[in-house]
Amino acid sequence: MEVTAGWPALDGIRVLDLSRLLPGGFATVLMADLGADVIKVESPDGGDYGRLVEPETFAALNRNKRSLVLDLRDPAGRDTLLRLVERSDAVVESHRPGVLDAMGLGYARLREANPRVVLCSITGFGQHGPYAARPGHDLNFLALSGFFAVPHRPGERVDRVGLRIADLAGAMYAALSTAVAVAAARTTGHGQHLDVSLHEAAAAWAGPLALPLRTLPDAADSPLVTGDNDVFTAADGGRIALATFEDKFWLTFRTAFAGEFPELDDDAYDRRTARTRARGRIRELLTGVFARRDLAWWCAALAGLDLPWAPVYETADAFLADAHVAARDLVGTLPGSPTEEPRRQVRFPVLFGAGLDSLRGAAPGHGEHTAEILAELELELELELELESDR
């Protein structure tokens with residue numbers, strides 16, 4: 001595959017993606033966006049069932065990849081995979097612990113084929129431990145991670161969000177760790193087995209906020225739980241996110257609207273410590289204030305103020321219509337494939353000074369590149385034989 005821009009990025013790195021669904025797909029699309037040749041190894045019986053669950057999400061998780069159909073239950077398929085491993089830098093998989101070993105494709109066998117190969121195993125709870133064999137999904141991992149131990153409002157239980165936080169966090173750690181391990185292997189000549197636990201990834205995100213709460217009688221007494229850092233509902237049902245954590249922002253908000261809302265004409269809460277102690281009263285005050293005007297009024301009134309606020313986008317169309325999103329070219333159009341229409345997708349979320357075109361190629365059709373990849377493999381074998389005969 002072509003280099004993504006005028007600099008190497010991850011060009012020249014080959015990753016075999018044996019995973020399915022979100023965590024492995026997101027980990028490998030990050031590497032594919034950055035220029036790695038990611039070969040998605042799929043079974044003959046339809047491949048990744050993400051294709052059927054949500055085609056739009058599948059398209060976003062598998063752009064810039066190639067698809068190869070191999071039956072790993074068949075010895076010939078396993079032999080072909082091992083021949084690819086010999087010429088690859090990393091393998092990413094998301095089976096339960098022991099599944100690859102039972103297929104004769106565990107790390108020990110991969111290392112025999114290629115001592116430099118990095119195997120990244122993404123599982124719910126890791127390769128060992130009391131929960132290692134448990135099935136699970138994102139919500140289960142979050143439940144055990146400390147995520148629900150971090151309150152956002154006094155007197156209310158933490159509820160879930162729609163995003164698959166553990167899956168995405170684990171995928172990011174997997175992509176970063178794989179890239180680092182591949183770089184090390186190219187220096188040392190030795191690969192390694194990466195044990196990525198989605199539960200532990202979520203715990204790593206929750207830990208800095210959850211662990212300090214152990215000494216508090218009530219977790220909601222945390223200084224990070226405040227009444228003026230929340231989402232408030234306007235008169236017409238629209239919502240606004242306000243985060244006046246610093247005193248200067250609270251003072252700007254209060255004085256700007258004290259004429260319209262006399263209850264704000266009170267300097268008793270101008271210090272952060274006072275607002276934190278009175279978090280319940282502050283939230284009640286702001287809830288009442290925001291409920292008296294509709295969202296459009298608030299957006300117009302807040303627009304000229306130096307305040308951390310934002311309307312809450314509750315549809316994808318609202319997000320797409322945002323002027324900042326447009327100015328940053330955050331969303332682009334992915335080219336179509338032989339079987340798919342062009343799709344709108346969020347680009348790789350870092351702007352590299354050297355350039356990066358992450359919306360290059362559509363997600364592959366099932367087995368679309370099988371003939372191409374196998375032909376490359378045969379050519380590589382022929383070249384190796386020629387080199388050996390010349391020595």
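Modeller: Strand β8 (residues 239-243) pairs with β9 in the antiparallel sense, over three bridges. The model is a predicted one. Within this pairing, I240 stands opposite P311 of β9. Two helices come up against these strands. Helix α13 (residues 295-302) packs on the sheet and touches β8 and β9. The direction of α13 makes about 35° with that of β8. Helix α12 (residues 279-290) lies across β7 and β8. Relative to β7, α12 runs at about 35°.

Now the sheet as a whole. Three strands make up an open sheet, in the order β7-β8-β9, with antiparallel pairing. The edges are β7 (229-233) and β9 (309-311), and each of them pairs on one side only. From one strand to the next, the twist averages 20°. In general, the strands of a sheet pair through backbone hydrogen bonds, and the pairing is either parallel or antiparallel.

Where does this part sit in the chain? The domain assignment gives domain 1 as 14-209 + 330-390 and domain 2 as 239-311. The C-alpha centres of domain 1 and domain 2 lie 45 Å apart. For scale, the C-alpha atoms of the protein chain fill a box of roughly 90 × 45 × 40 Å along the principal axes.

Next, a second sheet. Six strands form an open sheet with parallel pairing, in the order β3-β2-β1-β4-β5-β6. Why is one side of β3 (65-69) and of β6 (193-197) left without a neighbour in the sheet? Both stand at the edges with a single partner strand each, so one side of each has no neighbour there. Direction ignored, neighbouring strands of this sheet are turned by 20° against each other on average.

Go through its pairs. β1 and β2 run parallel and are joined by four bridges. There, V15 stands opposite V38 in β2. β2 and β3 also pair in the parallel sense, over five bridges. In that pair, V41 stands opposite L68 of β3. The bridge partner of S121 in β6 is D195.

How are these strands covered? β1 has both faces covered. R14 and L16 lie on one side, V15 and D17 on the other, and all are buried. In β3, four of the five residues are buried, so this strand is largely enclosed by the rest of the structure. Helix α16 (residues 370-390) lies across β1 (14-17), β2 (37-42) and β3. The angle of α16 to β3 is about 85°.

One helix pair deserves a look too. The axes of helix α8 (residues 165-188) and helix α9 (residues 198-210) come within 8 Å and cross at roughly 95°. Angles of 65 to 115 degrees count as roughly perpendicular. α8 and α9 are therefore roughly perpendicular to each other. From α8, the contact involves I165, A166, D167, A169, G170, M172 and Y173. From α9, it involves L198, A201, A202, A204 and W205. These residues divide into 10 nonpolar, one polar and one charged.

Further along, helix α8 also holds A185. Is A185 buried or exposed? It is buried, with a relative accessible area of 1%; the cut-off for buried is under 20%. Leaving aside residues up to four places away in sequence, A185 touches R116, H190 and G191. G170, one of the α8 residues that meet α9, is 15 residues from A185 along the chain. The C-alpha atoms of A185 and G170 are separated by 22 Å.

Last, the chain totals. The protein chain has 16 helices and 11 strands. Of its 391 residues, 43% count as buried. Take contacts between residues at least 6 apart in sequence: 73% of them join residues at least 24 apart.

Back to the part we began with. β8 pairs with β9 in the antiparallel sense, and α13 packs on that sheet. The six-strand sheet, by contrast, has parallel pairing.

Note on methods
Residues are numbered from 1 along each chain as its sequence is written. This is a predicted model: local features need pLDDT of at least 70, side-chain atom pairs count only at pLDDT 80 or more; totals for chains, interfaces and linings use all residues. Side-chain values use heavy atoms; hydrogens and water are left out. Axes are lines fitted to C-alpha atoms, for helices over the stretch in contact, and angles run from 0 to 180 degrees between N-to-C directions. Angles under 35 degrees count as roughly parallel, over 145 as roughly antiparallel, 65 to 115 as roughly perpendicular and the rest as oblique. Contact means heavy atoms within 4.5 Å. Ala, Val, Leu, Ile, Met, Phe, Trp, Tyr, Cys and Pro count as nonpolar, Asp, Glu, Lys and Arg as charged, and the others, Gly among them, as polar. Two strands pair if DSSP finds at least two bridges between them. Domain bounds come from an automatic or database domain assignment. Buried means under 20% relative accessible area, exposed over 50%, partly exposed in between (1.4 Å probe, protein chains only).
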